[in-house]
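Please work through each task before reading its solution.

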Amino acid sequence: MPLSVFTARISYSGADKFDCTRKSGTEGLFLAPSWLILGPALRLMRAGHTGYAWATYVPEYLDEMRRSYVDNRPQWTALLARSRVVLCCYCTDPEHCHRALLRARILPALGATDCGELAA
């Protein structure tokens, strides 16, 4: 049975919560964007340049996840072996967030099922 992947804000409190943030994620740190790409993207988004920030951020994050998959294979294997996970982070815009990329693009390419964003 493939992994069912949901996403939600960090306030989600279910047993299947998986904190994938750079700030507080421990178990999910291998999925978090580096400060090298996260810092500039956040600054641009806060300045109202979301489209430009996202267009720059996405390929950089995808590259980081390709490296993470090689460097952290046991963590990826353990994640993909679960039946359900809710990837959580602090972003308020679920469509311009690494959790959406993980849920809709990266993990489905590895056999998982995209189950969408959970409502707050």
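**Exercise 1.** How much space lies in the largest pocket? Determine also which helix gives the most to its lining.

*Solution.* The model is a predicted one. Step 1: the largest pocket holds about 230 Å³ of space. Step 2: 13 residues line the largest pocket, and the closest to its centre are Trp 35, Leu 38, Leu 42, Tyr 90 and Cys 91. Step 3: helix 1 (residues 35-46) gives the most to this lining, with four residues. Step 4: by class, the lining comprises seven nonpolar, three polar and three charged residues.

**Exercise 2.** Characterise the packing of helix 1 and helix 2.

*Solution.* Step 1: the axes of helix 1 and helix 2 (residues 50-71) cross at roughly 165° and come within 9 Å. Step 2: angles over 145 degrees count as roughly antiparallel; helix 1 and helix 2 are therefore roughly antiparallel to each other. Step 3: the crossing of helix 1 past helix 2 is left-handed. Step 4: in helix 1, Ile 37, Leu 38, Ala 41, Leu 44 and Met 45 meet residues of helix 2 including Tyr 57, Glu 60, Tyr 61 and Glu 64. Step 5: the residues of this contact divide into nine nonpolar, one polar and two charged.

**Exercise 3.** Describe the orientation and contact of helix 3 and helix 4.

*Solution.* Step 1: helix 3 (residues 73-80) packs with helix 4 (residues 98-109) at an angle of about 105°, the axes being 13 Å apart. Step 2: this angle makes helix 3 roughly perpendicular to helix 4. Step 3: Trp 76, Leu 79 and Leu 80 of helix 3 meet Leu 102, Ile 106 and Leu 107 of helix 4. Step 4: the contact has six nonpolar residues, no polar and no charged.

Technical notes: Residues are numbered from 1 along each chain as its sequence is written. This is a predicted model: local features need pLDDT of at least 70, side-chain atom pairs count only at pLDDT 80 or more; totals for chains, interfaces and linings use all residues. Side-chain values use heavy atoms; hydrogens and water are left out. Axes are lines fitted to C-alpha atoms, for helices over the stretch in contact, and angles run from 0 to 180 degrees between N-to-C directions. Helices (H or I, at least four residues) and strands (E, at least two) are DSSP runs, numbered from the N terminus. Angles under 35 degrees count as roughly parallel, over 145 as roughly antiparallel, 65 to 115 as roughly perpendicular and the rest as oblique. Contact means heavy atoms within 4.5 Å. Ala, Val, Leu, Ile, Met, Phe, Trp, Tyr, Cys and Pro count as nonpolar, Asp, Glu, Lys and Arg as charged, and the others, Gly among them, as polar. On a 1 Å grid over the protein atoms alone, a cavity is a set of points where a 1.4 Å probe fits but cannot get out, and a pocket is an open set with protein on both sides within 12 Å along at least five of seven lines; lining residues have an atom within 4 Å of a point. Grid points are joined across faces, edges and corners, and a volume is the space filled by probe spheres set on the points. A crossing is left-handed if the near helix is turned anticlockwise from the far one by less than a right angle, and right-handed if clockwise.
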